[in-house]
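Thank you for making time for this today. I would like to take you through one structure, and I will ask you to keep it in view while I speak.

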Amino acid sequence: SPAATARSVNSSSAWRPRPAASAPTSDTLLPVIPRKADFEPPERHVIIMLDTSGSMGGWETSMKSICRDIVGRLSESDKLDVITFTVTANQLIKDLQMTEANKVQAIARIDRIAIGGGTSPRQALDLLAGRKFVEGGLIFISDGGFSPGDINESIRRSPDLRTTVFSCGNNSYRTLQKLADPIIVKRNFDPSRIEIPYFGKK
């Protein structure tokens, strides 16, 4: 009947549309927390190659000062090689992870290096010829008193190594240029003030 129909429509059980949800306010939004950058510098492998021939006797202090500065620039994720040469080569340190304790060990071994003998980097450079490096850097310290023919061309052109040369006394500039444009080392040389391309700014 019409009365029954009206009662049915007006009853509390009848379907009604839900009210629209209110938009979130600033009180209900979660705060945005910026994500920390997880970038870390790449692991570097530094090879220090030292001319320990007799002609370097007057430059021993400068050479070891440069070595200490370079070791100090390395992080714990980096590795270090140290190779000395006269007419033969000596692998003094190889693949040493640069923890703080190992830095102390490396500097102590460098400080004990003796000077004397002839000069040829050929065997020292040959030690690197078959190795592959990621982010490799060759630090070559010498007075350049050897034959230009002793420079291994494959090392000079190696894509795995960025080479930095320190020329002690600037006596054989052209010989050392076969490896890279040398940084001139004089008696009052302060390595901490030098920007080495491989490392960038200190």
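Predicted model: local features only at pLDDT ≥ 70, side-chain atom pairs only at ≥ 80, totals over all residues.

Six strands, that is 6 in the order S3-S2-S1-S4-S5-S6, form an open sheet whose pairing is mixed. The edge strands are S3 and S6, each of which pairs on one side only, and from one strand to the next the twist averages 15°.

S1 and S4 run parallel and are joined by 6 bridges, and if you look for one of the pairs, His-45 has Gly-136 in S4 as its bridge partner. S2 and S3, on the other hand, pair in the antiparallel sense over 6 bridges, and they form a hairpin with 3 residues between them. In that pairing, Thr-84 stands opposite Asn-90 in S3.

Now to the helices, and to H2 in particular.

H2 lies across S1, S2, S4, S5 and S6, and runs at about 175° to S1. H3 also packs on the sheet, where it touches S2 and S3, and its direction makes about 170° with that of S3.

Which residues of H2 are buried? They are Ser-62, Met-63, Lys-64, Ile-66, Cys-67, Asp-69, Ile-70, Val-71 and Arg-73, and you will notice that Lys-64, Asp-69 and Arg-73 are among them. The buried residues of H2 pack against strands S1 (45-51), S2 (79-85), S4 (136-142), S5 (161-168) and S6 (183-185), and also against helix H3 (100-111).

How do the two helices lie relative to each other? Their axes, those of H2 and H3, come within 10 Å and cross at roughly 170°; H2 and H3 are therefore roughly antiparallel to each other. Where they meet, Lys-64, Cys-67, Arg-68, Val-71 and Gly-72 in H2 face Lys-103, Ile-107, Ile-110 and Asp-111 in H3.

I turn next to the cores. The largest nonpolar core has 30 residues, and Val-46, Ile-48, Leu-80, Ile-139, Ile-141 and Phe-166 are those that touch the most other members. Two or more residues come from each of S1, H2, S2, strand S3 (89-97), H3, S4, S5 and S6, and H2 gives the most, with 5 residues. To take one member in detail, and leaving aside neighbours within four places in sequence, Ile-139 is in contact with Val-46, Ile-47, Ile-48, Met-49, Ile-70, Thr-164, Phe-166, Ile-196 and Phe-199. There is also a second, separate core of 17 residues, which includes Ile-83, Ala-124, Phe-133 and Leu-161.

Is Thr-52 buried or exposed? Thr-52 is buried, because its relative accessible area is 5%, and, not counting residues up to four places away in sequence, it touches Met-63, Thr-84, Phe-85, Thr-86, Ile-113, Ala-114, Ile-115 and Gly-116.

Asn-188, in the segment after S6, is by contrast exposed, with a relative accessible area of 68%. Asn-188 and Ser-62 are 126 residues apart in sequence, yet 8.5 Å apart in space from C-alpha to C-alpha.

Finally, the backbone. Most residues other than glycine have a negative phi, and two positions here deserve a look for that reason. Asp-95, in strand S3, has a positive phi near 55° and is partly exposed, at a relative accessible area of 36%. Glu-135, in the loop between helix H4 (122-129) and S4, has a positive phi of about 55° although it is not a glycine, and at 40% relative accessibility Glu-135 counts as partly exposed.

Definitions and conventions:
Residues numbered from 1 in each chain as written. Heavy atoms only, no water. Buried < 20%, exposed > 50% of the residue type's maximum accessible area, 1.4 Å probe, protein only. Helix = DSSP H or I, 4+ residues; strand = E, 2+ residues; numbered from the N terminus. Contact = heavy atoms within 4.5 Å. Core = buried A, V, L, I, M, F, W, Y, C linked by side-chain atoms within 4.5 Å. Pairing = 2+ DSSP bridges. Axes fitted to C-alpha atoms, helices over the stretch in contact; angles between N-to-C directions. Parallel < 35°, antiparallel > 145°, perpendicular 65-115°, else oblique.
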